[in-house]
Amino acid sequence: MKKSGRYCLLAGAALTALAFSSSALASFAPKLVVSTSTVGSGTRIGVLAGATDDPTAETQIFVPSAYTIGTPAAGTKLGNVTATAQAADLGNTVLPLTGELDAIAPTATSQADAQACGVTPTQTWDLHLSAAGQTLDIPVFVVTAAAPVATAGYTNELIVCLPPPDVPAGTPGRAVFGAKLLSATFTSSAITEPTTAGDYRWTSLWTPYTPNTGKPNPAATVEAQSVRHHPTAMLLSLGRKKVTTTKTVKVKGKRKKVKVVSTKVVYSAKATENGKAPVVATFVTVVNGKQAGKASGSFTLAHGKSATVATAVAIDSDTGSVPTGVTATLADLFYHDLGSTGCVATAVFGGLPCIDATLGGTILVATGKVKAY
């Protein structure tokens, strides 16, 4: 499909898609999750789909114009990647995949892939993955958005076209292992977050294959979004109060009253997204390596002692994380699911169903030191 005709085709397909029953839409329910990089600068992007969903043929991720996409040199590592795929040739085993996102120079293979995908990229990135002794390379095409998408506030697109996993083994162009991509998380240092605070709505279009045919089904295309309340921040406040008490002690066999000085330390942490309270926030405060409470509380320090206070907050991380195929860790991309009610259909897509929106999770840590009187 040529890029110039993609939006016309999708707009025409929208009328058909609107007539689909809810059960038909439920067979293809992808999600998009966008957050900030946890290491250095950049943007973190996650995608996921259900194991029973129709396989994905094409994903178009539209980058808000406030984000800047750089032009890294070929061979530059842009970030790490984790993913999962269901391998039909291995009894539908879900494989964990790991690797990196690299900027690459155009090759004969990538150019053929771009032509088959119907795009003319300004850059080509590569999801270089490995699993079960096999290497998988999935090109990510960076494309300059054309009208009417550009006028809707999206300057660039990231486009991925996937091979069909459910056609007979030996079919030319079939996915390795008959692997159906279920999830992927990658960081791109080439995508710089906005310098201006605001609420930024990423969006994406997903087109599935008609099962067992290897043919895309544009009439089933859906929209999925992710909202970024930017920036995220946390402030940790520490207060001290001198406390003097009297206690009785024995000195040379005699009871004597002495004054004891201690310090009451009060801590309070506050997290914000674009200057407002997060939708969901979970706090944990640790004092000298031991858990002490949540967002606020107090403790006592003996005279002359000191303490290091650290508060961590997980913002918008209550729904779960984008699967990696292994036990979840704090390094995963967590999110809060807003559901279909949080999805605002993009008008230029001509009525395509907007099925889901998320808030990408963020973990922040603030530390402070306090010394007793």
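A salt bridge is taken here as a side-chain nitrogen of Lys or Arg within 4 Å of a carboxyl oxygen of Asp or Glu. The structure is a predicted model, in which local features need pLDDT of at least 70 and side-chain atom pairs count only at pLDDT 80 or more, whereas totals for chains, interfaces and linings use all residues. Residues are numbered from 1 along each chain as its sequence is written, and side-chain values use heavy atoms, with hydrogens and water left out.

By this criterion the structure contains 4 salt bridges. One of them pairs K31 with D337, whose closest N and O atoms are 2.5 Å apart. This pair connects distant parts of the chain, K31 belonging to strand β1 (residues 31-36) and D337 to strand β22, 306 residues apart; strands (E, at least two residues) and helices (H or I, at least four) are DSSP runs numbered from the N terminus. K31 and D337 are also linked with D356 in a network of salt bridges. D337 counts as partly exposed, at 23% relative accessibility, where buried means under 20% relative accessible area, exposed over 50%, and partly exposed in between (1.4 Å probe, protein chains only).

A further salt bridge joins the side chains of D89 and R174 at 2.7 Å, N to O. D89 lies in the loop between β5 (77-87) and β6 (93-104), and R174 in the loop between β9 and β10 (179-188), 85 residues apart. D89 is partly exposed, with a relative accessible area of 41%, while R174 counts as buried at 17% relative accessibility. In the salt bridge between R228 and E193 the N to O distance is 3.9 Å, and both R228 and E193 are buried.

Two cysteine sulfur atoms within 2.5 Å are counted as a disulfide, and a search of the whole structure finds 2 disulfides. The sulfur atoms of C117 and C161 are 1.8 Å apart, and their link is right-handed, with 65 degrees about the S-S bond. Because C117 lies in helix α3 (residues 108-117) and C161 in strand β9 (residues 154-161), the pair ties together parts that are 44 residues apart in sequence. C117 counts as buried, at 4% relative accessibility, whereas C161 counts as partly exposed, at 24%. In the disulfide of C343 and C354 the sulfur atoms are 1.9 Å apart, and this link is left-handed, with -65 degrees about the S-S bond. Both C343 and C354 are buried.
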